[in-house]
Amino acid sequence: MINFFRRILTEFKEYVLFVSLSIISFFILSLNEKPAIKKLRTFAFGNFALVNQVANYPLSIFKYDYSLRELEKENAKLMLEVNRLRKLSVENENLRSMLQFRDTCNFPLISADVISKLVNKMQGNFVINRGSNEGITIGMPVLNSKGLIGIVIDTTKDFSLVRTLYNVNLNVAVRIERLNIDGVLSWDGNKLIIKNIPSTYDVRIGDRVVTSDFSTIFPPKISIGIISEREQVPVGLLHNLTVKPFADINTVDNVFVLKIVPSKQINHLEMNLLKK
Amino acid sequence: MLWNFVKPILIFIPLAVIQLVVLPLFSIDGISPNLIVILICYFTLKFGQMYGTFLGFVLGLLLDLISGGLIGSFMFSFTVTGFLAGYFFNENKIEINVATYVFLIVVSLCGIVSSFLYTLISSPYDRLNILSLILEAGILPGLYTAFFALPIVIFSSKRELG
């Protein structure tokens with residue numbers, strides 16, 4: 001018997017090694033949500049991000065140069081918008097003080113640079129150069145001037161790991177603004193879709209999609225994108241809508257982390273959506 | 001023998017930095033080449049199948065850890081890459097295999113299989129479309145990876161001729 005196994009091991013050693021390593025890989029794959037594995041990943045990406053940051057520095061010179069014109073244009077637009085809103089803001093504050101409302105829309109933003117990306121059709125992740133030292137915690141939304149980009153899923157002292165909208169494991173509660181229809185936005189590997197919306201609703205191409213009031217991970221009314229395609233279903237009551245995001249997630253270099261601390265209990269429930 | 005394992009790991013570090021920092025700039029519609037696949041193929045064709053399988057496993061684990069992705073996904077796909085590339089190992093044709101078009105074929109094949117498996121593992125089952133998976137997550141990244149292996153073939157063949 002021992003000789004038989006010895007012969008198998010000698011003759012098929014390549015296959016034995018391959019099968020053993022594959023089994024170990026799948027075993028580790030199943031342990032991804034275990035705290036020990038998470039700790040190991042946090043330690044590894046946090047330390048390697050230092051190397052990435054150094055390598056990213058020469059490249060960032062070209063990146064900033066590229067986005068400068070866009071930023072100037074955006075500043076000009078915002079300046080005009082601010083002028084218009086200033087008057088309304090004063091009026092709003094007066095009315096709020098009369099009704100004794102609290103200011104609920106003052107979210108601090110932390111600016112950050114993207115220092116490394118994992119480009120993949122299914123698993124959109126990137127690392128930013130701000131971490132728990134700046135007060136970033138898991139679950140904080142990440143956005144840029146155009147709209148929502150993703151969510152922080154892991155942090156070290158100086159770096160954070162962000163799961164983007166282009167990740168099959170991120171589902172976001174959204175609302176089609178014009179009709180107040182809620183749905184769940186997810187990435188299917190090619191496009192962002194809102195699944196199972198009744199085909200009787202008058203959804204139009206170009207309708208704005210924002211984060212829903214039902215989500216406590218994301219504050220409501222953060223712009224995400226517009227409806228770019230409506231699935232044609234000859235039979236059936238439900239159809240899927242394709243969303244084109246405002247932010248160009250694949251090429252984004254500078255982002256903001258929205259420093260909000262959501263309700264722990266609700267957040268715990270919603271964070272389950274992030275898990276596979 | 002130990003140096004044979006240390007060497008690819010030392011090369012892996014700058015390659016991983018390029019993979020995560022520079023190559024996103026070269027990505028086309030979310031399709032990006034994988035330099036680590038080229039590294040695994042190169043060393044497997046030099047040192048054999050068992051070596052390649054184990055090297056794929058180790059480098060896959062390292063890339064999973066530093067990229068923040070699902071731990072085990074690159075690990076498995078690179079293990080298969082090393083195993084598959086090992087079938088092209090020939091002790092008598094080592095220099096020919098890494099310095100000619102054979103290397104490009106091996107990298108293309110391994111790149112296709114590796115990328116396909118990685119995407120298959122990291123996707124929820126209800127969102128899989130097998131045809132688009134083969135084309136967009138298999139063939140295109142595989143061929144793009146092979147394109148990046150071209151300098152190795154040119155450099156190695158020049159050295160051989162010299």
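Tutor: Begin with the ground rules. This is a predicted model, in which local features need pLDDT of at least 70 and side-chain atom pairs count only at pLDDT 80 or more, while totals for chains, interfaces and linings use all residues. Residues are numbered from 1 along each chain as its sequence is written, chains are lettered from A and ligands numbered from 1 in the order in which they are written, and side-chain values use heavy atoms, with hydrogens and water left out.

Student: How do I read strand pairing, and which strands form the barrel that contains β1 of chain A?

Tutor: Strands of a sheet pair through backbone hydrogen bonds, either parallel or antiparallel. Here strands are DSSP runs (E, at least two residues; helices are H or I, at least four), numbered from the N terminus, and two strands pair if DSSP finds at least two bridges between them. In chain A, six strands close into a barrel in the order β1-β2-β5-β4-β3-β12, with antiparallel pairing. The twist from one strand to the next averages 45°, taken between lines fitted to C-alpha atoms, with angles from 0 to 180 degrees between N-to-C directions. Within it, β2 (residues 123-128) and β5 (residues 160-167) of chain A are antiparallel over five bridges, and Ile128(A) stands opposite Ser160(A).

Student: Which strands make up the barrel that contains β8 of chain A?

Tutor: That closed barrel of six strands runs β6-β7-β8-β11-β10-β9 in chain A, again with antiparallel pairing. Strands β8 (residues 192-198) and β11 (residues 238-245) of chain A are joined by five bridges; Ile197(A) has His239(A) as its bridge partner.

Student: What does Asn240(A) touch beyond its neighbours within four places in sequence?

Tutor: Contact means heavy atoms within 4.5 Å. Asn240(A), in strand β11 of chain A, contacts residues including Ile194(A), Asn196(A) and Glu229(A). A polar atom of the Asn240(A) side chain lies 3.2 Å from the backbone nitrogen of Asn196(A).

Student: How is an interface sized, and how much area is buried between chain A and chain B?

Tutor: The size of an interface is often given as the accessible area lost when the parts come together. With a 1.4 Å probe, summed over both parts, about 4100 Å² is buried between chain A and chain B, and carbon and sulfur atoms give 70% of that. Each chain brings 46 residues to the contact.

Student: How many salt bridges cross the interface of chain A and chain B?

Tutor: Zero by the rule, which asks for a side-chain nitrogen of Lys or Arg within 4 Å of a carboxyl oxygen of Asp or Glu.

Notes: Buried area is the accessible area (1.4 Å probe) that two parts lose on being put together, summed over both. A polar contact is a pair of N or O atoms within 3.5 Å; within protein, one must be able to donate a hydrogen and the other to accept it, and residues adjacent in sequence count only if both atoms are side-chain atoms.
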